[in-house]
Amino acid sequence: MRYLEFGHSKDLILLIARILLVALFLIFGLPKIAGFSGFVGYMTSLGAPLPTLAAGIAVFMEVIASLAIMVGFYTRPLALIFVFYTLGTALMGHAYWSMIGDAQHANMINFYKNISIMGGFLLLSVAGPGRFSLDKR
């Protein structure tokens, strides 16, 4: 007898996991569309190469790619791309090792949250989207 027998609920759990995994990206990605020029300025302040392109990639990943993951469209490849995107945002946006005081602590937390999110995307790339997805149709 298996410890846990999920059966069809595994597909529901994968759907919920996909939604929860990208919720953060959607919540913070949507305002970047409305305030795109300000976001480009922020990318410039971080020293991002080609800040307008970098901002466009961020908006695409956080809104379009997040919605695709949510509905289970190209889930496995997008999950792998999200691993690298999330690593990049951790290194560029949360470089706590170059900070001091409260900023250092807050960015250390966000850096390691990004590392944890990368783990979720790695799991999703292996597990796949489940039955409740466009990939399975």
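Modeller: A salt bridge is a side-chain nitrogen of Lys or Arg within 4 Å of a carboxyl oxygen of Asp or Glu. Keep in mind that we're looking at a predicted model.

Biologist: Okay, so what makes Asp11 and Arg131 a salt bridge?

Modeller: Their side chains meet at 3.4 Å, N to O. The cut-off is 4 Å, so the pair counts. Asp11 sits in helix H1 and Arg131 in the segment after H5, so the pair ties together parts that are 120 residues apart in sequence.

Biologist: Why is Arg131 called partly exposed?

Modeller: Its relative accessible area is 41%. Asp11, at 12%, falls under 20%, so Asp11 is called buried.

Biologist: How many salt bridges does the structure hold?

Modeller: Two. Lys32 and Glu62 also meet in one, at 2.7 Å, N to O. Lys32 lies in helix H1 and Glu62 in helix H3, so this pair links parts 30 residues apart in sequence.

Biologist: How do you know that Glu62 is buried?

Modeller: Glu62 has 6% relative accessibility, and buried means under 20%, so the label holds. Leaving aside neighbours within four places in sequence, Glu62 is in contact with Phe25, Leu26, Phe28, Gly29, Lys32 and Tyr85.

Biologist: And why is Lys32 called buried?

Modeller: Same test: 18% is under 20%, so Lys32 is buried.

Biologist: What covers the buried residues of H3?

Modeller: The cover includes helices H1, H2, H4 and H5. H3 also bends by about 30° at Met61, and Met61 is among the buried residues of H3.

Conventions:
Residues numbered from 1 in each chain as written. Predicted model: local features only at pLDDT ≥ 70, side-chain atom pairs only at ≥ 80, totals over all residues. Heavy atoms only, no water. Bend = angle between axes of the 7 residues up to and from the residue. Helix = DSSP H or I, 4+ residues; strand = E, 2+ residues; numbered from the N terminus. Buried < 20%, exposed > 50% of the residue type's maximum accessible area, 1.4 Å probe, protein only. Contact = heavy atoms within 4.5 Å.
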